Amino acid sequence: QVQLVESGGGLVQAGGSLRLSCAASGRIFSDFMGWFRQAPGKEREFVVAISWSGTLTYSSDSVKGRFTISRDYATNTVYLQMSSLEPEDTATYYCAAGRGPRDIRRYDYWGRGTQVTVSS
């Protein structure tokens, strides 16, 4: 059974940084690992993704240059390093695994999410 567990969310001031983690367990045969986010009253949206090999990464325009995705194969963990955070980044962040990279419909496994709140 595939399980994705996010951690690392919290409250941070604008301009600050935060690192989210996604611990993956189970037999995951997915091409991509991704991070999505959902703000209150809005649809869930793509943030970043990384290929299984780690050689390809994708970012949404809104986070390009500020957010970085990486993975640790030894611990089967995917990280989302967020810097220069803005109040608009406030959302619940979800880790996902699937065929990716940007289309939410191509992700088959999801974590329960972790809340990130950026204060102005």
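This briefing describes a disulfide, a sheet and a loop residue in one protein structure. The model is predicted, so local features need pLDDT of at least 70 and side-chain atom pairs count only at pLDDT 80 or more, while totals for chains, interfaces and linings use all residues. Residues are numbered from 1 along each chain as its sequence is written, and side-chain values use heavy atoms, with hydrogens and water left out.

**Disulfide**
- A search of the whole structure finds 1 disulfide, defined as a pair of cysteine sulfur atoms within 2.5 Å.
- Cys 22 and Cys 95 form this bond, with their sulfur atoms 2.0 Å apart.
- The pair links distant parts of the chain, as Cys 22 lies in strand 3 (residues 18–25) and Cys 95 in strand 9 (residues 91–98), 73 residues apart; strands are DSSP runs of E, at least two residues, numbered from the N terminus.
- The torsion about the S-S bond of Cys 22 and Cys 95 is about -75°, so the disulfide is left-handed.
- Both Cys 22 and Cys 95 are buried (under 20% relative accessible area, with a 1.4 Å probe and protein chains only).

- An open sheet of 4 strands has the order 1-3-8-7 with antiparallel pairing; two strands pair if DSSP finds at least two bridges between them.
- Strand 1 (3–7) and strand 7 each have a single partner strand, so one side of each lacks a neighbour in the sheet.
- Strand 3 and strand 8 (residues 77–82) pair over 6 bridges, and Leu 20 stands opposite Leu 80 in strand 8.

**Loop residue Ser 62**
- Ser 62 lies in the loop between strand 6 (57–59) and strand 7 (67–72).
- Ser 62 and Glu 88 are 26 residues apart in sequence and 9.6 Å apart in space, C-alpha to C-alpha.

Conventions:
Buried < 20%, exposed > 50% of the residue type's maximum accessible area, 1.4 Å probe, protein only.
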